[in-house]
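Please load the model in your viewer and keep the selection panel at hand. The stops below are meant to be taken in order.

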Amino acid sequence: MLVSIEEVLFFPLLVSFIVVWVLILRFVKGQRGRRELSIEDLAKRLKMSRTSLVRHDAQYRTRTIPKRSGGKRILHVPDDATKQLQRKLLQQLIERFPIHDCVHGFRKGHSIVDNAAKHIGKEVIVKLDIVDFFPLTNSERVKSAFRGAGFNKSAASLLNGLTCYEGGLPQGAPTSPALSNYVNKNMDEKLAEAAITRGAVYTRYADDITFSFGKYSRYDIHNLLIATGKILRNYGYRLNNKKKRIIRQHRQQLVTGLVVNERVNLPRKTRRWLRAVKHRLETGREATLTNAEFRGWLSFLKMVDADSPLLTFLGEKRRATTNSERIVGNDAVNEEMVRASVEVQSVAKPRRQPIDGTGKHALTESATAKNPTGIGAFSETNEKTLSEAHLLVEMVEAIERTEKYSIIRKEAEAKVVGSQYLVAISAKSIDRTFSFRLPKKYQNGQTVKATLYPGSQLLELYLTKEVGMEIERLRLPAELKVLLRVVQWNSIFKRIEAVVLEADF
């Protein structure tokens, strides 16, 4: 008996159709059977009453820190009650959400060392930066992420209100970093696939994206950059083209501040600087780091290079040998510790030297208020000004040892703001002040361009009107002694910008 082609194909198609419908029905049944988490479930997990959770009014205060370009970075810092609640959310909920394996920032058990180690010995390193990463992580995406985690609409909306501010993740909230990792899990998956397709390795550390290639291919690199831009735009982000870096192996390859050419290590300049600091501390001389700050560096160095000769400082080598496995493998060495105790200290805040012989700073804002002109209020030895000038120069050199545009440099530059130094200067010229970013009493004053003595370090000093009028009477260039407070290090013009608290002629 002959069988038609239609009859031959009918039965397999029928069987496939039935199988697909059975799978769909099982999926729908499973979805209906899964109970969504409610606000009551959230309150129970946080060990709070539903009423106090729902009625919580998250408040933020705005703070600014200086940016390397001379502008300001806006932070939205939650009030104490909100910060405490967000920390509960972080520990009991958000840290447990799944994130992509290629993400190493703000993740327990991971650090900048783990991020850098993925790119050891590669022919090409491609480094990219996402503009306004936290603010551009849209609150609607955050709400959808909470829905995907199993919360119902009411609970997801409540969580969105507790973790978002002004339509995005607030930069300054403890929940924002870990939450950004969970929200961007699909984006990381797409970026990792784009990298693998082109023979590259992908990692992300906050807003820093790194790709590495085992073999140089201009076509693959260009193609990956285009694909990355498209993926980021689909998720509401954009790249900062000014911070794009493509580094071949014959140059120093830095990933999150660490050298990866042959193995993970600190940059050579940083190692030389640490050796100099170690020598100064061991010989009792003044250094840019205190003993405690230097030990913080050593704790980080144990993670990077447990066999470093620097670890012989006051018995650190012995402790590193006996405890290295525990230190490197300990989940407590997490993102918060690394950023707080290592990255920020990559350019440690210079020691503020007492200038009145009592162990306290004699020249403060209140002292300046008692002496409005700020002229001739102190008399110090040349040794003091030389010593603090040396510290100031060391501070600048330490900043310059860090990688441009890196997280380490951003944190380091922010930390040195406010440092005070008693120094001798050579005032070259004076002009009106036009900056409105300064305290009010300096806005109507004058600006002096000067150089530090000894040396040729450029200074731009902001004066009050009264001090400026006194200096205008001098024949410039003139030698002055000033107490200055650092406003920022301007790496574009290679100068220190500071306000003058007091001056002596």
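Helices (H or I, at least four residues) and strands (E, at least two) are DSSP runs, numbered from the N terminus. This is a predicted model, in which local features need pLDDT of at least 70 and side-chain atom pairs count only at pLDDT 80 or more, whereas totals for chains, interfaces and linings use all residues. Residues are numbered from 1 along each chain as its sequence is written, and side-chain values use heavy atoms, with hydrogens and water left out.

Begin by selecting V201, which lies in strand β4 (residues 200-205). With a relative accessibility of 27%, V201 counts as partly exposed, a class that falls between buried (under 20% relative accessible area) and exposed (over 50%), as judged with a 1.4 Å probe on protein chains only. Show next the residues in contact with V201, where contact means heavy atoms within 4.5 Å: leaving aside its neighbours within four places in sequence, they are K118, H119, K122, A195, T210, F211 and S212. The C-alpha atom of I125, 76 residues from V201 along the chain, is separated from that of V201 by 9.5 Å.

At the start of α4, a side-chain oxygen of D79 comes to within 3.2 Å of the backbone nitrogen of A81. Colour T82, K83, L85, Q86, L89 and L90, the buried residues of α4. Seen down the axis of α4, these buried residues fall within an arc of 165 degrees, so they line one face of the helix, the arc being that of the directions from the helix axis to the C-beta atoms. On the other side of α4, D80 and Q84 are exposed. Elements against which the buried residues of α4 pack include α2 (39-46), β1 (60-66) and α8 (176-183).

Finally, zoom out to the whole protein, which has 19 helices and 13 strands. Of its 505 residues, 49% count as buried.

Technical notes. Polar contact = N/O pair within 3.5 Å; in protein donor to acceptor, adjacent residues only side chain to side chain.
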